[in-house]
Amino acid sequence: MIRAVLSIGSNMDDRLQLLATVAKEFKSETVAFSPVYATPPWGVEDQDEFLNAALIVDVDCTPLELLRRGQGLEEAAERVRLRHWGPRTLDVDVVQVRDLETGREITSTDPVLTLPHPYSHQRAFVLVPWLAIEPDARLGGAPATQWLAAIDQDEIAGVRELGSLEELLAGQRGTGVGHD
């Protein structure tokens with residue numbers, strides 16, 4: 001059994017509904033689900049803003065099997081990888097995995113699944129939602145708050161909490177938050 005932190009995001013189509021597909025897939029395994037955040041694009045800036053969230057799941061599978069589940073959700077959302085860091089219907093990243101029995105962080109240098117996620121410590125859109133549900137989170141042996149403090153304050157300020165996924169879905173009609 002493993003505990004994993006997943007970072008999810010969407011900036012195309014009905015973003016809230018796409019995030020909801022992840023919530024539904026992991027409903028019985030979810031330990032915590034962060035609020036949804038509006039975040040500016042990272043890396044390639046000529047695209048719409050993202051909706052991002054983090055969830056912590058306890059799953060009875062290998063980290064690679066978990067990655068494949070996330071990729072299956074991306075495929076179902078018809079994700080196309082045309083441009084690195086470009087627009088996407090759904091992104092499901094495995095940020096960190098811990099062995100529940102030992103509590104140890106699982107690391108991997110495999111190019112198919114690098115753990116922890118190689119850029120997570122540099123991205124406010126990953127760390128802010130994660131810290132909202134696990135304030136004492138550690139990444140790569142250091143407190144996640146330490147990684148967040150090293151990020152440009154303007155980038156952190158661009159991560160705006162919108163509310164819980166359930167609240168946003170309930171009030172989605174006419175808000176412009178979902179399908180724009």
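The accessible surface of this protein comes to about 9,300 Å², and 51% of that belongs to carbon and sulfur atoms. Those areas come from the Shrake-Rupley method with a 1.4 Å probe, and for residues only the protein chains shown count as cover.

Before going on, a note on the source. This is a predicted model, in which local features need pLDDT of at least 70, side-chain atom pairs count only at pLDDT 80 or more, and totals for chains, interfaces and linings use all residues. Residues are numbered from 1 along each chain as its sequence is written, and side-chain values use heavy atoms, with hydrogens and water left out.

Now the overall picture. There are six helices and eleven strands; these are DSSP runs numbered from the N terminus, helices being H or I of at least four residues and strands E of at least two. Along the principal axes, the C-alpha atoms fill a box of roughly 45 × 35 × 30 Å.

Of the 180 residues, 49% count as buried, meaning under 20% relative accessible area with a 1.4 Å probe, protein chains only. As for contacts, meaning heavy atoms within 4.5 Å, take those between residues at least 6 apart in sequence: 70% of them join residues at least 24 apart.

Next, strand β1, residues 2-10. Eight of its nine residues are buried. Which strands does β1 pair with? One is β4, residues 50-59, antiparallel over nine bridges. Another is β5, residues 91-99, also antiparallel, with eight bridges. Two strands count as paired if DSSP finds at least two bridges between them. Within this arrangement, V5 stands opposite I56 in β4, and in β5 its bridge partner is Q96.

That leaves helix α3, residues 124-133. Nine of its ten residues are buried, so the helix is largely enclosed by the rest of the structure. Among the buried ones are F125, L127, W130 and I133.

What does I133 touch, leaving aside its neighbours within four places in sequence? The contacts are A32, F33, S34, A54, L55 and I56. I56 is the residue that stands opposite V5. I133 and R15, by comparison, are 118 residues apart in sequence and 21 Å apart in space, C-alpha to C-alpha.

Conventions:
Buried < 20%, exposed > 50% of the residue type's maximum accessible area, 1.4 Å probe, protein only.
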